[in-house]
Structures are given as C-alpha cells and as structure tokens.
Amino acid sequence: MITSLETAIAPVGTAVLGTLVFPSHPLNYGISAFHYTNRYFAPHGKQMGSFSDSPMNRHGVELLTGLRLPGRMKLSLRAGASAPIKAAADFPLISRRTDILLQKSGKKIDVIFRYSARFSGESALIRSELHKRYRWRAEWRYRPEKALQVRQRVEYSRTIGKQFGISLMHEFRYSFNKRNRIQFRYTHFDIPDFQLRQYEVETGLPGELESRLLNGRGYKWFFLITVSPVKQLSFALKYRSEYYPDMENLGSGNDLVLGNARRYLRAYMRLEF
C-alpha cells in the first residue's frame, strides 16, 4: 500500500489532498480525497485530472483503477464526485466526472482511446441538461524507425443537444540525435460553442508544456527546432500560428490582435559552464 498526504496553508484558505494506492498485478487501484477551503483562487495546484480548472471551494473523492490486459494493453478508469463545502443558494452544486482510457502498445504502433464525461453545475434536486459534456478521443502513434514518430488524433465533443465539436491533429517528430530534433504539428478544429471546448497540450521551449484552448473554427500549427552543437550549448526556436476565418479581431484589452490571425516566435539559449 502506498499513502501520501499533502497540505498547503494560505491567507485565503487551506488545501488538503490524501491518496491511498494498492498496487498489485494485474490490477492497481486507489482512492484520493481532497478538501479545498480557499475562496478566491487555488493556493495549491489544480483540480485533479485538469490543466485549467481551479479546485476552488470544494471537497470530493476520486477513484482510480488500472488493469493490464494480454497483448501489451492497459485499461484505466477514473471516476469522481465533488461538491462545494458551502452550499450555493438552497441546493449544493454537484460535479461528477468519469474517464475511461484504453491503451494498446506495440513495437511500432501505439493506439489510445479515451472517453470522458463531465456533469457540472447540477442541482441536488433538479438536474440540468445544460452542463453535461461528453468527449471521445482516438489517437495513434507510428514509429517507422527509431528517430521518426508520426501522431494523429481525432477528438469529438458534444452536449445533450445537437451541437458537437471536432478537432483533427497531425504531428511529425524527427530526432537527428539525442540533442538535435525537429517537431511540426497541425491542428484543424470546428467547435461552435464554449461548452464544447477542447484542450490540447503542446511541447514548448525546453522545460515547458503549454495547454491550449480549442474553441471556434480555424486551424493552428507550430514547428519547434532544438539544436545543441556541443553539450554545454543548446538553442531552441518555436514559431506558432493561429487562424480563425470567422473572426475579425482576436483577444481583448492588452491582448487585442487586429485581424483574424495570431503569430509568435520564441527563442531559447542555454549555456553551461
């Protein structure tokens, strides 16, 4: 049995996270409980299983299981429920989530299927259909040789209504050696409503991961080059572009972009001595 307990105390509240894991073969299972009493922002981490959602004023539990199947396959399940510590109005708002993950690994091809369901903002007595979201994701990774990897992914999201969103991702990676590599990714998306939003994790400059929101209709692409001529010196360059054909301007305030395209170029250098 593996146990862990994390606590954090801030002027606006307290966060407590406890986990119990029972490893065995072929089944692993565990349970986590969290209690966040902060009121305005998260003093400790992010909501479990999320890159973007703050825990806020909630407590709840998460159940995690993993099962190894024959043929280098793995089936995972995550389910959980949470509610505000202080009731909102007359009824506490209950949030529930379920994730099912199936992985098949091979020498050259990996296949991943994922199903997610989110039920948020439901009243304890009157359940609303407006805040139920479902997502299906299928991804495959192909390695024709050691230095080359090709990835493709399709993700479909919908609510109870007839609206749905879809995104398609294509990625190419090539490593010339351990210190020199190139990556290119292109994503096309058509997501007509914020309730259908999707998130994509991008490789950033060395030591960075970037979580990107997919909403609206458009496409985006980036390329990332990492070069290290000697062990003590390394360079990285990332160019990224987004295009939204239905928009006139992007962002607002200090982030306002005049036009329907956003581009940026970032560079990195590291010298060790």
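Student: Why is Glu210 called buried?

Tutor: The model is a predicted one, and in it Glu210 has a relative accessible area of 9%. Buried means under 20%, so Glu210 is called buried.

Student: What makes the contact of Arg266 and Glu210 a salt bridge?

Tutor: The side chains of Arg266 and Glu210 meet at 3.1 Å, N to O. The cut-off is 4 Å between a side-chain nitrogen of Lys or Arg and a carboxyl oxygen of Asp or Glu, and therefore the pair counts as a salt bridge. Arg266 lies in strand 18 (residues 261-271) and Glu210 in strand 13 (residues 209-214), so the pair ties together parts that are 56 residues apart in sequence.

Student: Is Arg266 buried, exposed or partly exposed?

Tutor: Arg266 has a relative accessible area of 29%. Buried requires under 20% and exposed over 50%, so Arg266 is partly exposed.

Student: How do you know that Arg185 and Glu171 form a salt bridge?

Tutor: The closest N and O atoms of Arg185 and Glu171 are 2.7 Å apart. Because the limit is 4 Å, this pair qualifies as a salt bridge. The two residues belong to distant parts of the chain, with Arg185 in strand 11 and Glu171 in strand 10 (residues 164-175), 14 residues apart. The structure holds 25 salt bridges.

Student: Why is the link between the side chains of Arg185 and Glu171 also called a polar contact?

Tutor: The side chains of Arg185 and Glu171 are joined at 2.7 Å. A polar contact needs N or O atoms within 3.5 Å, so the 2.7 Å link falls inside that limit.

Student: Are Arg185 and Glu171 buried or exposed?

Tutor: Arg185 has a relative accessible area of 2%, and Glu171 has one of 3%. With the threshold for buried at under 20%, both residues are therefore buried.

Student: Which residues are in contact with Arg185, leaving aside neighbours within four places in sequence?

Tutor: Among them are Arg151, Met169, Glu200, Lys220 and Trp221. The C-alpha atoms of Arg185 and Lys220 are separated by 8.3 Å, although these residues are 35 apart along the chain.

Student: What makes Arg240 and Glu202 a salt bridge?

Tutor: Their closest N and O atoms are 3.0 Å apart. This lies within 4 Å, so Arg240 and Glu202 form a salt bridge. Arg240 in strand 15 and Glu202 in strand 12 (residues 198-203) are 38 residues apart, and the pair links distant parts of the chain. Both Arg240 and Glu202 are buried.

Student: Why is Ser241 called buried?

Tutor: Ser241 lies in strand 15 (residues 233-243) and has a relative accessible area of 7%. That value is under 20%, so Ser241 is buried. Not counting residues up to four places away in sequence, Ser241 touches Tyr219, Lys220, Trp221, Arg262 and Arg263.

Student: What makes Leu63 partly exposed?

Tutor: Leu63 has a relative accessible area of 42%.

Student: Which residues make up the largest nonpolar core?

Tutor: That core has six residues: Phe189, Ile191, Leu196, Leu214, Tyr244 and Leu250. Leu250 touches Tyr244 and also, among others, Leu256 and Val257.

Key
Residues are numbered from 1 along each chain as its sequence is written. This is a predicted model: local features need pLDDT of at least 70, side-chain atom pairs count only at pLDDT 80 or more; totals for chains, interfaces and linings use all residues. Side-chain values use heavy atoms; hydrogens and water are left out. Buried means under 20% relative accessible area, exposed over 50%, partly exposed in between (1.4 Å probe, protein chains only). A nonpolar core is a set of buried Ala, Val, Leu, Ile, Met, Phe, Trp, Tyr and Cys residues joined through side-chain atoms within 4.5 Å. Contact means heavy atoms within 4.5 Å. A polar contact is a pair of N or O atoms within 3.5 Å; within protein, one must be able to donate a hydrogen and the other to accept it, and residues adjacent in sequence count only if both atoms are side-chain atoms. Helices (H or I, at least four residues) and strands (E, at least two) are DSSP runs, numbered from the N terminus.
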